[in-house]
Amino acid sequence: MRPAELTIDSFASYPPRARAFVGDNLATIREIPLPLLSIFLARFMDFDVSFPAEQNELGRQFRRLKEMTPDSFLKLMAPFGVIKPSEDLFAADWVNQPRRFNELLSAWLWSTHQIDAFREASHKYEDEMSRDLTGPAPATPRFVIAVIGKGVTQSNYALFRKLRSRGTMFSSIQPAGALDQVFDFVTQRAEAHPEPYAHWYIEGGVRHQSIKSSGNVTTVSFEELAPYAYSELNLIKEFVGRAKSGSHVSAEDVQSYVASLGPRELGLKKKENDACLGHFESSVFTTGAGTQIFSTTFVQWCAREALRRAQPVTMLTRYAPRQTMAPMSMLLKRDPLGQEKDALGSLIDADMGAYYTWINQSRLAGADEGCFLAWFEDHNLAVGIGPSLARGTVSTSPVTMAKILQWMS
């Protein structure tokens with residue numbers, strides 16, 4: 001089958017809202033070359049469990065494509081059109097199994113030395129559609145907070161080296177009550193702007209009790225989800241073990257299997273009343289590397305994906321000590337929650353994770369008006385970045401966390 005032959009019946013296995021979206025855009029979909037269309041199809045399959053920001057971004061793209069003149073559309077699609085998949089690829093079930101098809105397509109592009117052409121075509125598409133991909137700036141300026149170093153009493157590690165030149169370093173924060181002030185700030189923003197998935201709290205350990213009482217904050221914690229990550233590792237072992245004696249299970253086979261795992265397979269049945277969050281949590285484990293093992297990696301990846309997919313206006317990430325390093329064979333077997341913790345190593349992980357989170361925030365629309373704060377928990381050191389704070393300066397005056405948050409807002 002070729003894209004031009006698609007009908008609405010071709011999407012009978014897709015969930016209802018995805019089928020409706022396809023129906024509204026079928027004429028455009030038929031004109032998209034398969035190397036690009038297969039990427040869209042994978043997103044269509046997840047449409048019903050995607051965040052509102054993701055659905056809106058797809059809607060903007062297809063409105064833009066439909067509004068293009070025929071010449072502009074053909075010019076945009078031309079770089080993908082020169083990539084001609086093999087007949088074997090066209091014969092694959094790319095409509096109902098787009099993720100598996102994309103794996104096959106990637107291998108074929110590498111083997112035929114066309115991967116660079118595909119990347120160039122993708123970059124040209126992103127450049128042309130950049131406004132529709134990023135979307136409008138939020139009505140409320142985005143505010144992201146990273147709390148790092150839980151459990152570290154003393155450290156000589158120079159924190160925030162990659163962030164301090166971009167904002168103001170505060171070296172005399174009063175640590176008593178500062179964490180409660182951070183949580184109060186997040187809760188107040190969520191109550192003032194009660195939009196779905198607009199406010200996030202990502203916890204690397206046990207989530208703070210005060211957030212549990214707020215229904216406007218989407219909460220994700222490693223302590224609650226680690227058992228499901230452990231289940232994923234056991235499922236992978238069982239999958240490899242089911243292979244017949246002497247047969248070879250490739251990395252691609254394992255990747256395809258892991259990608260097929262969802263909330264139900266991992267045991268996340270309690271999230272059935274929130275399909276979007278359940279899908280997000282399962283994807284953190286099935287697409288992230290190390291999220292199943294290290295809580296610091298879990299927090300960093302959750303923050304990255306939440307910013308990219310949900311585009312919240314408030315986000316609080318709180319890092320907790322991860323388990324100590326060990327040989328990979330041991331890390332894959334043991335329960336991460338019951339292991340000895342490496343607080344100092346986790347501090348270094350979290351410092352870099354905070355920097356990556358700032359980078360991901362800066363890629364979103366309205367970044368110039370947004371604020372970012374990183375704080376060494378229970379200590380007097382933090383760095384704030386925002387339009388109201390001077391760059392590359394140090395403040396040594398005693399100050400409360402609440403006051404800093406007020407200044408930045």
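Reader: Which residues do ring pairs link into a cluster?

Author: Ring pairs link Phe21, Phe40, Phe44, Phe47, Phe62, Phe80, Phe118 and Tyr125. Rings of Phe, Tyr and Trp (its six-membered ring) pair if their centres lie within 6.5 Å. The structure holds 22 aromatic pairs. This is a predicted model, in which local features need pLDDT of at least 70 and side-chain atom pairs count only at pLDDT 80 or more, while totals for chains, interfaces and linings use all residues. Residues are numbered from 1 along each chain as its sequence is written, and side-chain values use heavy atoms, leaving out hydrogens and water.

Reader: Why is the pair of phenylalanine 40 and phenylalanine 44 called stacked?

Author: Planes under 30 degrees apart count as stacked, over 60 as edge-to-face and the rest as tilted. The ring centres of phenylalanine 40 and phenylalanine 44 are 6.3 Å apart and the planes lie at 15°, so the pair is stacked. The two residues are four apart in helix H2 (residues 34-45), and about one helical turn therefore separates them. Helices (H or I, at least four residues) and strands (E, at least two) are DSSP runs, numbered from the N terminus. Both phenylalanine 40 and phenylalanine 44 are buried, a term for under 20% relative accessible area, with exposed meaning over 50% and partly exposed in between (1.4 Å probe, protein chains only).

Reader: What makes the pair of phenylalanine 51 and phenylalanine 280 tilted?

Author: For phenylalanine 51 and phenylalanine 280 the planes stand at 55° and the centres are 5.7 Å apart, so this pair is tilted. Phenylalanine 51 lies in the loop between H2 and helix H3 (52-67), and phenylalanine 280 in helix H14 (residues 275-287), so the pair ties together parts that are 229 residues apart in sequence. Phenylalanine 51 counts as buried because its relative accessibility is 1%; phenylalanine 280, with a relative accessible area of 0%, is buried.

Reader: Why does histidine 113 count as exposed?

Author: The relative accessibility of histidine 113 is 72%, and therefore the residue counts as exposed. Histidine 113 is found in the loop between helix H6 (98-111) and helix H7 (115-128). Its phi is near 60°, a positive value in a residue other than glycine. Most residues other than glycine have a negative phi.

Reader: Why is tyrosine 197 called buried?

Author: Tyrosine 197 has a relative accessible area of 16%, so it is buried. It sits in the loop between H9 and strand S3 (199-203). Phi of tyrosine 197 is also near 60°.

Reader: What makes arginine 334 count as buried?

Author: Arginine 334 has 14% relative accessibility and so counts as buried. Its place is the loop between helix H16 (328-331) and strand S7 (341-342). Not counting residues up to four places away in sequence, arginine 334 touches Tyr230, Gln323, Thr324, Met325, Ala326 and Gln339, where contact means heavy atoms within 4.5 Å.

Reader: How do you know that the protein chain is as compact as a globular protein of that length?

Author: The protein chain has 18 helices and 10 strands. Its radius of gyration is 23 Å, close to the 22 Å that the globule rule gives for 409 residues, so the chain is as compact as a globular protein of that length. The radius is taken over C-alpha atoms, and the rule is 2.2 Å times the number of residues to the power 0.38. Buried residues make up 50% of the 409 residues.
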